[in-house]
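Subject: Structure handover

Hello,

Here is the structure I promised you. Please open it and keep it beside this email while you read.

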Amino acid sequence: MPGKKSKKSFKPFANLPLGIPANIAIGPLGFRVAMNLNPTDGGNPEPLRIVPCERESGAQEPPLAGTSNTVAIPDLEQGDRPMRGDTSHVKQEEKPVMKQKERDHGDTTFGAPIIRNNVEEEALSGFSSLRSLLEAVSAVYASHEESIAVVTKIEGLLSRVALIDALFATPPGNAPELRCRDEVIRNLKAIEERLRSYAEEPGLQWFVDHVKHDEDVYRVLEDLRETIFQYQMVQLTRIDNQGFNTVDPDEFAILVNLRHAKDAEYRHGNPDRCLKGTRRTILDEIELWARDFHKHSIYWLNGLAGTGKSTIARTVAERIFADGQLGASFFCSRDFEDRRNLQFIFPTIAIQLARRYTEFRSIFVSLVRLDPDIVHESLYGQMDKLIVQPLVKSAISTVIVVDALDECEDDDPTSAILSVLGQFVNEIPKVKFFITGRPEPHIQNGFHLPLLANATDVFFLHEVEPGQVKGDMQLFYKHHCSEIKGRRQGLDHWPTEEQLDHLCERAAGLFIYGVATVRFIDQKTKNPEKQLEQLLQSQESGSEGRIKLRGNMTLNSLYMTILQMAFGDDEEDDPKVRSVLGAVVLAANPLSPSTIATLLGFDPRDIFPLLSSVPSLLILSNDINQPVQPFHKSFPDFIVDPARCTNPRFRINPPDQHMEILIGCLELMNKKLEQNMCGLPDGVANSEISDLKQRTERNIDKALEYACRSWHKHLDNTTSDQKSKITP
């Protein structure tokens with residue numbers, strides 16, 4: 001577990017030119033920050049003042065936003081915060097100088113006419129004033145060891161202000177973007193006023209000494225981060241996509257056609273992120289680690305099932321992307337073949353790096369052209385040729401995120417991915433890896449390898465202080481209950497504080513318990529008040545009673561309660577329930593309700609209502625042709641484990657369920673398969689048929705496709721006796 005962080009030396013005014021007093025800082029755009037930090041009368045420091053100052057003779061006015069003939073994007077990989085006017089840290093991309101008339105009326109950017117108003121002109125002075133204010137606040141906080149978290153957050157915010165300032169230096173491409181900028185400026189002004197109101201109390205030093213405003217200031221900084229972050233996400237995503245659209249067609253074809261996992265990036269799949277105000281300690285620590293390339297190259301977020309690792313990973317990936325540091329991300333998942341296969345990780349990461357960095361792409365494409373079969377090499381060969389060599393030659397600094405490594409199929413006693421990473425980590429010191437995973441034996445063995453142990457920071461998520469976790473859980477429940485109340489009638493005094501305390505107690509530090517609880521309470525056809533009462537009463541009357549639940553017992557109790565409430569005491573449909581839920585949790589790839597019905601021989605009209613009985617446990621669309629998945633991996637773990645799912649009515653026996661799906665696959669193939677079903681011409685390779693995909697979709701339904709691709713996987717998971725009944 002990480003030890004206590006040492007105080008970081010932070011001197012925002014250390015580089016002032018000679019002749020300027022230490023309590024005066026010239027702001028980036030003609031503002032000066034004045035504060036008496038060392039009052040001689042023994043009283044409180046004077047309030048912070050930000051005032052305009054005279055420009056030196058001959059000094060040039062800064063260009064208005066959108067009128068510069070260059071686009072400058074700061075390179076902030078080391079966490080540096082350049083002052084305006086220092087161009088040593090930027091890369092210049094020349095573009096034609098526009099005439100004034102063109103700028104004001106007829107110019108276009110990205111093919112859209114430019115629309116502007118005075119908000120852009122206000123932006124420059126707004127950013128400089130905000131930056132100066134943040135620096136002054138940080139200067140006071142820096143003298144307090146207990147406030148180092150605030151200083152760290154301000155450092156990150158100053159970098160973000162520089163980034164958003166650079167984004168505003170380019171003209172808006174269209175009216176929606178201009179409206180987005182208007183909103184950003186309004187929000188920033190409001191936040192600046194809130195922050196200034198604290199600074200103008202009887203001495204900023206006074207309220208820091210008394211600590212009474214620390215929490216308020218932190219919340220203001222969080223709001224500021226969120227405002228800047230949202231704009232960065234929109235703009236950098238647009239820039240990222242536009243950059244990829246300009247890739248050479250031949251290079252584009254190589255990137256698209258190279259074998260890789262689909263939808264493995266953080267932007268796909270589950271959209272959940274950490275709720276604002278929660279997970280502050282761990283997120284701040286990871287942010288600091290990502291910015292500081294003097295720290296260890298690898299960060300392992302170690303946590304038990306349900307502790308929120310993937311949600312944190314998505315939040316981290318998003319923030320790092322917004323800061324321009326994210327090179328690639330791979331979110332492993334046991335639900336998808338390509339995302340649980342180790343052979344897909346390095347090629348997928350390499351393709352994302354090639355999309356992100358031009359220098360990397362040119363080297364990468366050349367290597368693939370020389371050896372098209374490179375993706376079929378060993379993991380060592382893949383990482384060496386696809387990732388390490390291009391990174392070393394291009395000298396790129398970046399961060400790579402890998403989530404849920406434990407969900408990959410890996411029979412080695414020591415994680416194969418980590419074993420390879422350990423052999424190369426010292427060759428790419430400018431690259432950082434953020435990795436999450438349960439403390440499975442092979443994962444722990446991998447991080448204990450000498451080459452990795454000395455290069456890894458570890459955070460044990462399941463060992464966070466109980467008080468801190470409870471505070472986060474309270475925020476989580478209050479936020480979601482407030483949302484429910486906003487959509488429903490008659491819930492003015494719901495839930496009670498006692499009910500919230502019970503929910504937090506039962507969660508026992510597992511955020512997934514909170515998510516499942518909210519999903520159970522917030523069912524469209526149910527009364528939230530009654531749902532919560534039934535849930536609490538059912539669990540209180542169970543074998544655990546009101547004792548504080550821990551570990552799997554917490555989720556076991558919740559999942560069992562939900563299943564019993566969904567299906568009641570009528571045992572007539574229990575075999576169907578086990579068959580359908582078994583298909584959901586054991587399928588090689590997620591299946592739709594209609595496909596499950598076809599494979600198992602059920603009426604499709606019966607399957608959707610059955611699945612709809614447990615919406616809090618599943619990700620289920622209203623379209624019966626869309627795949628259904630467990631909402632979290634802890635549910636499949638529970639329902640197949642006799643020690644956890646103690647009620648045989650719901651427990652799934654994997655070999656029996658695999659056998660049932662296998663028989664369904666074989667019967668379907670025997671019934672439907674025909675020679676040349678897609679009507680392909682004789683003597684023509686599949687690669688030469690331009691509409692092969694359309695022909696396949698038209699003639700082979702999803703159930704038959706699944707049967708053809710996956711029957712053998714279910715066969716592998718049956719017992720020897722079961723195999724003997726099928727194999728002649």
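Which residues does Arg 314 touch, not counting residues up to four places away in sequence? Find Arg 314 in helix H9, residues 309-322. Its contacts are Tyr 266, Asn 270, Asp 272, Arg 273 and Phe 331. Keep in mind that this is a predicted model.

Now follow Phe 331, one of the contacts of Arg 314. Strand E9 covers residues 326-331, and six of its six residues are buried. E9 pairs with strand E10, residues 398-403. The two are parallel, with five bridges. Phe 331 has Asp 403 in E10 as its bridge partner.

Next, strand E8, residues 298-302. Five of its five residues are buried, so the rest of the structure largely encloses this strand. In a regular strand, side chains alternate between the two faces of the sheet. In E8, Ile 298, Trp 300 and Asn 302 point one way. Tyr 299 and Leu 301 point the other way. Both sets are buried.

Which strands pair with E8? One is strand E11, residues 431-437, which runs parallel to E8 and is joined to it by five bridges. There, Ile 298 stands opposite Phe 433. Another is strand E12, residues 456-460, also parallel to E8 over five bridges. Here Leu 301 has Phe 459 as its bridge partner.

Last, the nonpolar cores. The largest has 118 residues. Leu 134, Ile 312, Phe 434, Tyr 477, Tyr 559 and Leu 617 have the most contacts inside it. Helix H6, residues 214-245, gives the largest share of this core, with 10 residues.

Leaving out residues up to four places away in sequence, Leu 617 touches Tyr 559, Ile 562, Leu 563, Gln 629, Pro 630, Phe 631 and Phe 635. Tyr 559 is also on the list of residues with the most contacts inside that core.

Best wishes

Note on methods. Residues are numbered from 1 along each chain as its sequence is written. This is a predicted model: local features need pLDDT of at least 70, side-chain atom pairs count only at pLDDT 80 or more; totals for chains, interfaces and linings use all residues. Side-chain values use heavy atoms; hydrogens and water are left out. A nonpolar core is a set of buried Ala, Val, Leu, Ile, Met, Phe, Trp, Tyr and Cys residues joined through side-chain atoms within 4.5 Å. Buried means under 20% relative accessible area, exposed over 50%, partly exposed in between (1.4 Å probe, protein chains only). Helices (H or I, at least four residues) and strands (E, at least two) are DSSP runs, numbered from the N terminus. Contact means heavy atoms within 4.5 Å. Two strands pair if DSSP finds at least two bridges between them.
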